[in-house]
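Subject: Structure handover

Hello,

Here is the structure for you to look over. My notes follow below.

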Amino acid sequence: MKTIKRLLWLFLIIVVIVAGVQIKGGYDKYQQALADRPLNEVLDELQDKDNYTQYEDVPEIYYKALVAVEDRRFYKHNGFDIIGTTRAIYNDIKANELLEGGSTISQQLAKNLYFPQDNTLQRKIAEIFMAMKIEREYKKEDVLEFYVNGIYYGSGYYSIYDASIGYFDKEPKDMTDYECTLLVGIPNAPSVYSLNNRPDLARQRQKKVIDCMVEVEYITEDEGKEILGEE
């Protein structure tokens with residue numbers, strides 16, 4: 001019995017050491033990223049892009065759909081959502097497949113801005129530190145604005161303006177509820193849901209978006225059916 005306890009303690013110590021090394025490495029990666037490119041400079045560069053879209057020029061239902069499907073606790077966390085991450089891990093284990101990523105919108109923004117090609121654990125940790133810094137320095141509305149202007153929507157469209165013009169031939173402010181809920185689902189897997197490639201799959205994803213909006217009570221089931229019937 002004593003041997004088992006010692007082995008368990010040894011295992012726990014090893015886990016703590018490994019976790020500490022990874023967290024330190026992630027923090028160092030976060031600090032180096034900021035040293036190379038300060039956050040305000042990166043975001044100024046984003047805002048200088050052609051056709052940058054202001055928060056108020058995107059329909060409110062788009063943001064509701066985005067939060068519902070990507071980060072339903074967005075307005076309650078500080079960039080990292082331990083509850084949402086735990087729920088995502090539990091659901092993935094329960095389904096025995098990767099159904100939910102667990103990243104907040106702020107984490108996704110941090111990854112897009114600083115670590116787009118890095119899929120290591122330390123990158124994930126650096127991303128969390130960066131997301132928390134973004135939320136310390138900017139309002140929630142700013143985070144959403146930055147996000148929609150820097151996310152990939154498939155078919156070569158790297159912002160909500162380009163995607164709205166490219167897919168619907170209209171500016172974001174003129175999108176219908178149907179178009180908003182359709183577009184918001186595409187960044188989850190742009191190559192899969194691109195309206196130019198697989199519109200059928202994009203509409204399946206849209207149904208998931210609508211279901212999430214109903215679950216968090218942003219819309220009713222009847223309103224969801226009405227939106228889906230707008231095509």
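Asp177, Glu221, Asp222, Glu223 and Glu226 form a patch of negative charge on the surface. Patches are built from residues with over 30% relative accessible area and no salt bridge, joining like charges within 9 Å and nonpolar side chains (Val, Leu, Ile, Met, Phe, Trp, Tyr) within 5 Å. Asp and Glu count as negative, Lys and Arg as positive, and His and the chain ends are not counted. Each charge is placed at NZ of Lys, CZ of Arg, CG of Asp or CD of Glu. Areas come from the Shrake-Rupley method with a 1.4 Å probe; for residues, only the protein chains shown count as cover.

Helix H12 (residues 221–228) contributes the most to this negative patch, with four residues. Helices (H or I, at least four residues) and strands (E, at least two) are DSSP runs numbered from the N terminus. Glu226 sits in H12. Glu226 is exposed, at 56% relative accessible area. Exposed means over 50%, buried under 20%, and partly exposed in between (1.4 Å probe, protein chains only).

Please note that this is a predicted model: local features need pLDDT of at least 70, side-chain atom pairs count only at pLDDT 80 or more, and totals for chains, interfaces and linings use all residues. Residues are numbered from 1 along each chain as its sequence is written, and side-chain values use heavy atoms, leaving out hydrogens and water.

Now the overall fold. The protein has 12 helices and zero strands. Of its 231 residues, 43% count as buried. Helix H5 (residues 105–114) has eight of its 10 residues buried, so H5 is largely enclosed by the rest of the structure. Among the buried residues of H5 are Ile105, Leu109, Leu113 and Tyr114.

Ile13, Ile17 and Val21 make it, and it covers about 280 Å². Val21 lies in helix H1 (residues 2–36). In general, an α-helix has 3.6 residues a turn, so residues three or four places apart point the same way.

Next, the salt bridges. The count is 13, taking a side-chain nitrogen of Lys or Arg within 4 Å of a carboxyl oxygen of Asp or Glu. Arg205 and Glu70 form one at 3.6 Å, N to O. This pair links distant parts of the chain: Arg205 is in helix H11 (residues 199–215), Glu70 is in helix H3, and they are 135 residues apart. Arg205 is buried at 10% relative accessible area. Glu70 is buried as well, at 18%.

Arg72 and Glu215 form another salt bridge, at 3.2 Å, N to O. Arg72 is partly exposed, at 34%.

Asp200 and Arg198 meet in a salt bridge at 2.8 Å, N to O. Asp200 is partly exposed at 38%, and Arg198 is partly exposed at 38%. Arg123, Lys124 and Glu127 are linked in a salt-bridge network.

One last site. Where is Asp81? Asp81 is in the loop between helix H3 (60–70) and helix H4 (82–95). Asp81 is buried, at 4% relative accessibility. Its side chain makes a polar contact of 2.9 Å with the side chain of Arg73. A polar contact is a pair of N or O atoms within 3.5 Å; within protein, one must be able to donate a hydrogen and the other to accept it, and residues adjacent in sequence count only if both atoms are side-chain atoms.

Best wishes
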